[in-house]
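Please look through the sequence and the model shown here, and then read the report that follows, which takes a few of its features in turn.

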Amino acid sequence: MSAEVTALSAPQTRTRPGVNWRKAGSWLWSGTLLLILAFLVIYPIAVLLLGALTNANPVVEGFRGFDLSITNFTDVLANPNVHLALANSLLVCAGGTAVAVLIGLTFSWVVVRTDTPWKGLIAATSMLPLFVPPLVAGVAWAILASPKTGLINTFMAAMGLSWRIDVYSMTGMIIVFGMYYAPYIYMFTASALRNMDPALEEAAEISGAGSLRTLMTVTFPLIAPAILSGTLLSFVVMLGIYGIPAVLGTPGNIPVLTTYIFKLTAWSPPLYATAAAVSVLLMVVTGALVWLQQWLLSGRSYTTVAGKAFRPRSLRLGPWRFLTLGLALLYLLVVVVLPTLALVVAAFRKFLFIRDLPALFDGRQYGLQHFERLFANPLALRSIANTMEVGLITAVIGGVLAFALGYTIHRTTVVGRRALDIISTLPVAIPGLVIGVAYLWAWIGLPGGLYGTIWILALAFIARFLPDTIKALSTSMLQIHRELEEASWICGRGLLGTLRSIVLPLARPGVIAAMTLLFILAIRELGSSLFLYTSQTMVMAVLLLDYYEGGNLGITAAFSLVQTVLLGVLISLAHLASRSAAAPADVGIGRAG
Amino acid sequence: MAPLGMFRHLAKAAVAFTVAVSAATGAAQAQEPNFGPPELIEAARKEGRMVFYTAGFTEVEQEVIAAFNKRFPFVKVEMVRASGGQLITRIKTEAAAGKLIADVIDHSDRGLMLEMADLFQDYAPPNAADYLPDSHPSPKIWPRITLGWVIAYNDALVKDPPKTWMDLTKPEYGNAQIGQVIAPSGGTTWTRTMFERQVLGEDYWQKQAATKPRLYPSGAPLADALVRGEVTIAPSLYNIVYSKKRDGAPIGIVFPPEGIPVNPYADAIPKTAANPNAAKLFLNWCLSEEGQAFMIKQFGNLTSLKKPPILPEGFDPKVAKVWLPEFSQYEKLRNTWVEDWNKIYGYRQ
Amino acid sequence: MSTELRVEHLRKVFATGKPAVDDVSFRIEAGEIVVLLGPSGCGKTTTLRCVAGLEHPTAGSISIGGRVVSAPEQGILVSPRQRNVGMVFQSYAVWPHMTVRQNVAYPLRHRKVSRGEMDRKVGGALELVGLSDYAERPVVALSGGQMQRVALARSIVYEPQLLLLDEPLSNLDAKLRLRLRDDLRRIIKETGVTALYVTHDQAEAVVLGDRIGVMRDGKLLQLATPHEIYNRPADMFVANFTGASNLLSGRTVGQDGAFGIVEVATGERMSVVLPAGMGPGSPVKIAVRPENIRLGAGLEGTPNRFRARVAAQHYHGLQTVYDLAVLGGRLEAIELGTDLRNVVGSEIEVELPPALCWAYPGGEEPLGGAASAAAETLA
């Protein structure tokens with residue numbers, strides 16, 4: 001090595017402007033992000049609040065009829081129907097969440113911590129329901145378990161059993177909700193379990209605790225933050241779901257807030273001010289829950305992965321592993337196989353009138369007529385193309401934006417990152433149907449012809465799913481130990497160089513997963529699409545609702561199947577992409593010390 | 001705009017709109033159909049496209065467009081479909097922002113369309129005089145679609161179907177066998193519930209509600225439940241059950257003798273239409289005898305033409321007369337009566 | 001390549017609470033290895049991160065090779081990447097998505113280095129850390145010790161002015177730690193780089209450091225050679241933290257040449273090293289390392305000979321730890337050798353060499369916090 005190098009004094013003159021530049025850059029960056037969020041989130045919400053306060057369509061009335069009043073709120077709060085819908089919503093979502101926690105937690109534990117066979121299959125199954133649009137789930141379960149002619153009930157009648165299932169009930173909705181939102185719990189808890197040092201459990205067992213006791217006193221409390229996050233997220237998401245209660249709740253006359261809001265907007269004349277006021281109520285409930293979650297989790301850390309790591313541990317279940325496998329297969333049957341079969345039957349059968357079991361297997365009743373009619377409609381193909389386009393735009397731009405926000409919020413010290421954090425969580429609280437109107441009101445007047453293009457849909461989806469995407473990204477980002485970045489800075493690489501060569505490659509599986517999630521959410525999204533699509537930009541979710549409202553269950557089921565298959569193919573591709581990307585990083589987490 | 005008094009007068013006569021059997025069947029297509037002057041057709045050809053906002057069903061309207069294109073293949077019709085309230089919100093917002101894209105607006109609620117009459121340009125089809133005055137509340141607004149209510153039942157499950165509206169109050173059809181669309185679902189259902197109370201009696205709702213019908217948010221899911229046997233009897237729009245029956249679904253249809261409540265839609269052309277000629281041509285065709293006959297035959301619509309070009313299958317105007325609500329009452333009674341209905345049917349809105 | 005580091009009046013206050021680093025000043029000569037030693041939370045890592053540029057100091061200045069890299073009062077803050085320092089992290093921080101070679105070559109990739117020279121430098125660095133055969137492996141296939149060697153190679157491959165090491169051995173198991181500890185000093189010395197090393201392990205500090213700085217509560221208590229730290233600890237905390245775990249209370253009574261005379265509770269008197277300026281009658285605490293107590297009859301006439309009773313013994317194989325009741329208190333003494341020479345209950349003579357008995361002002365400062373922190377670290 002060479003001898004001492006005489007230090008240059010030149011850099012000192014560079015450093016002073018460097019500091020200011022740095023500060024200016026940080027302001028500029030957070031200012032840009034804030035501006036984007038102002039456009040995507042704050043402005044539409046302000047318009048919505050204005051709508052709730054004025055009894056007017058802000059675009060139609062302009063700002064001259066600006067007499068604010070809270071009568072909408074007082075009316076809404078005094079309305080017993082709202083009370084009922086709110087109570088039902090809370091009950092259904094609480095029940096659904098409980099079921100979801102039970103299912104999600106069980107399977108995440110089974111997959112991560114036991115030696116149950118076919119774990120890969122179970123892991124995949126546990127995520128599958130996420131891909132099913134709620135309306136499709138509702139329709140499938142209506143076909144399966146409507147009280148008189150549901151296929152399950154027909155089957156049981158044929159078996160001579162007197163037991164019947166009625167999915168048009170509170171219990172029915174709770175169970176369907178629970179089954180379809182269990183993946184949210186699974187996602188959160190599985191990664192937390194994976195990142196938990198098994199030594200902690202071993203210590204408990206050494207101290208004399210049995211497996212179950214260890215689970216209850218050590219494992220679950222340790223991942224409690226993850227359970228709580230998943231629980232609240234699934235609760236909040238359920239609160240905003242329209243499809244399932246629309247199909248299952250209405251025949252049973254069980255209104256919930258979303259179906260109530262939908263009715264308010266669908267009736268002629270529409271009662272938007274009231275709908276907006278009810279939505280604000282929903283926002284308050286959601287906001288309180290989010291706040292509660294942050295309060296409960298304050299001070300608890302999620303950072304888990306470092307260079308230090310451990311071998312994953314599998315609990316040897318012995319013969320019990322066939323019980324867990326059985327449970328998993330049952331779940332697969334109930335959540336995936338049966339609904340898919342129901343859709344297949346409905347899609348290929350001329351009519352869904354099935355008098356008894358033999359009628360179900362009457363081959364003359366089956367044919368391709370629904371698919372023929374579906375594809376004879378030029379809108380079907382256009383909607384598929386549009387949906388793919390809007391999904392892709394949403395996933396890419398939304399993913400990039402969410403990454404920028406997540407990184408800024410969690411990994412930098414720039415000014416205003418708390419504000420960014422709070423603003424970007426706001427959209428989770430607003431049901432799609434209402435935010436759709438807000439976007440329409442907010443953005444239709446913008447110059448440049450945003451309205452009527454695919455971009456207005458994409459922007460709405462990006463804004464609407466910002467919280468979900470940031471959440472998904474942050475978990476994977478927080479797992480990248482800070483020192484991995486610092487090492488790169490020390491090595492002389494700048495912020496951008498480090499992002500490109502260290503952070504992005506390591507976060508890639510997480511980024512791809514988040515983009516996939518965003519893509520799925522965008523494809524499923526109905527509520528906000530309803531107001532923003534035009535003749536040129538019809539999307540699948542809207543067309544599906546049209547078919548459903550048109551009363552043709554066969555063609556609805558056929559289209560649902562097409563959509564499901566399409567999603568399945570795309571997700572498998574994304575999964576393959578992220579798997580190949582994830583491989584080295586996973587190993588890195590798997591073993592080191 | 002025509003004075004409302006005239007409607008009231010005409011409507012009292014009632015019932016007004018009787019379908020004459022004599023004119024019905026054969027001789028409809030005597031002269032060459034008139035879809036407008038050649039200049040209009042030429043101008044429409046130049047425009048080549050139009051945007052159609054509708055509250056109708058996607059599938060049905062796609063077929064209408066296809067039939068229209070058989071005659072005029074050079075006009076590409078782009079459709080935006082939304083349910084009633086959502087469509088109104090969208091139209092109002094777009095209009096206020098100066099971005100109303102629609103060339104033709106089609107809505108099930110005449111009242112709401114009338115409120116927006118200022119948005120629309122003057123338009124009348126060539127056969128304007130053939131339409132019942134009561135079926136369109138403004139000279140700018142025309143009933144492209146006319147729908148009527150019937151009783152439908154699952155004929156594989158119901159051996160002794162109801163014959164009249166009054167039969168639906170019988171206890172033997174109780175216990176959730178009957179399905180009902182909720183009164184607040186829109187103008188069409190409101191027309192039927194209004195008919196029930198005005199024609200069938202003040203206490204009809206109470207008696208009918210006593211059979212504990214299952215309630216549905218709109219007609220289509222109800223018709224579907226009927227096919228599946230989830231409910232077995234339902235007051236239904238004829239067009240919804242007609243197509244299912246035609247395709248072989250186990251459905252029986254009764255035209256009750258007390259009357260067939262009908263709801264004419266409202267169609268108009270906005271002043272801002274970018275393709276007004278294509279819009280006019282499209283409406284001209286829809287409102288022509290050819291268009292109306294197509295919709296009657298294909299979808300089970302009725303018509304607001306004084307002389308229907310054809311009659312729906314199974315519909316005998318001698319037995320069942322159509323009933324058109326008196327327009328001012330249709331507007332005035334609506335809110336209070338729908339509230340009464342909600343209370344009586346235990347529907348919590 | 002190596003150069004001096006100068007830290008002056010460094011202060012770092014985080015959003016809440018007392019300063020993490022409080023007026024710390026020191027200077028490291030070119031090519032010297034300085035180890036900052038102290039219990040967790042003493043501010044040693046914060047100091048290191050300030051030098052690296054990963055933390056922004058509140059006040060004070062840091063200059064590397066005469067170039068000021070941080071002086072908040074003058075608005076100077078050079079970003080980490082422009083400081084030309086190398087750093088080895090506690091968590092290794094090797095990038096799991098790269099091979100060994102890619103990790104080590106990373107710092108060179110954006111420097112203007114020709115292909116051949118890069119290969120040469122990477123090869124040299126890998127050879128230095130003994131990983132030449134592992135160059136093409138993915139780093140995740142390595143053991144912890146090997147990962148840390150990769151991190152070390154990565155931090156020296158671009159011949160930085162200054163090498164920073166943040167508890168690099170603490171995640172390794174004991175055996176590996178010993179081996180890598182010796183290797184580390186050899187490698188650092190071979191490259192000749194100036195190094196600042198942070199640890200809580202005194203043994204590591206002694207082996208690695210040319211000088212050791214002991215820190216506590218954000219303050220640098222003593223910066224000296226290992227010999228001086230062990231033989232002339234500046235205060236009670238340093239003495240205790242470096243293993244002088246025996247404590248006796250007493251009161252100064254006079255002076256005997258270079259040594260002070262202290263009377264303990266039993267009235268016995270002993271000669272000790274006394275800090276300057278302590279008049280007679282001051283309460284003091286005397287710290288003695290267990291290793292410095294001599295057992296058995298020694299030469300007649302040497303000072304500080306006392307009768308002790310063996311209260312307990314703990315046989316460690318190569319050494320034996322005795323609990324001695326002496327001077328009205330308990331002292332631990334360690335005797336090397338596999339032989340057990342004293343039985344429990346027997347009376348023996350012990351000698352406490354005056355130069356190795358250090359008295360510090362006592363009484364006003366109870367030893368609770370510092371002693372327990374030290375004990376914890378020693379454990």
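## Terms and basis

Helices (H or I, at least four residues) and strands (E, at least two) are DSSP runs, numbered from the N terminus. The model is a predicted one, in which local features need pLDDT of at least 70 and side-chain atom pairs count only at pLDDT 80 or more, while totals for chains, interfaces and linings use all residues. Residues are numbered from 1 along each chain as its sequence is written, chains are lettered from A and ligands numbered from 1 in the order in which they are written, and side-chain values use heavy atoms, with hydrogens and water left out.

## Positive phi angles in chain C

C:His9 is found in strand S1 (residues 5-12) of chain C, and this residue has a positive phi of about 50° although it is not a glycine. Most residues other than glycine have a negative phi. C:Asn84, which is not a glycine either, has a positive phi of about 55°, and its place is in the loop between strand S6 (76-77) and strand S7 (85-88) of chain C. At 21% relative accessibility, C:Asn84 counts as partly exposed, a class that lies between buried (under 20% relative accessible area) and exposed (over 50%), with a 1.4 Å probe and protein chains only.

Helix H1 (residues 44-52) of chain C is mostly covered, since eight of its nine residues are buried; among them are C:Lys44, C:Arg49 and C:Cys50. Just after H1(C), C:Gly53 takes a positive phi of about 95°.

## Nonpolar cores

A nonpolar core is a set of buried Ala, Val, Leu, Ile, Met, Phe, Trp, Tyr and Cys residues joined through side-chain atoms within 4.5 Å. The largest one has 398 residues, and those with the most contacts inside it are B:Tyr53, B:Phe282, C:Leu5 and C:Leu196. Helix H8 (residues 170-194) of chain A gives the largest share of this core, 16 residues. A second, separate core of 26 residues includes C:Leu248, C:Met270, C:Val310 and C:Leu331.

Contact means heavy atoms within 4.5 Å. Leaving aside neighbours within four places in sequence, C:Leu196 is in contact with residues including C:Leu5, C:Phe26, C:Leu48 and C:Val51.

## Helices H21 and H22 of chain A

The axes of helix H21 (residues 454-464) and helix H22 (residues 466-478) of chain A come within 4 Å and cross at roughly 55°. Axes are lines fitted to C-alpha atoms, for helices over the stretch in contact, and angles run from 0 to 180 degrees between N-to-C directions. H21(A) and H22(A) are therefore oblique to each other; angles under 35 degrees count as roughly parallel, over 145 as roughly antiparallel, 65 to 115 as roughly perpendicular and the rest as oblique. A:Ile462, A:Ala463 and A:Arg464 in H21(A) meet A:Leu466, A:Pro467 and A:Asp468 in H22(A).

A:Arg464 counts as buried, at 14% relative accessibility. A polar contact (a pair of N or O atoms within 3.5 Å; within protein, one must be able to donate a hydrogen and the other to accept it, and residues adjacent in sequence count only if both atoms are side-chain atoms) of 2.7 Å joins the side chains of A:Arg464 and A:Glu525.

## Chain B

There are 13 helices and 11 strands in chain B, and buried residues make up 63% of its 349 residues.
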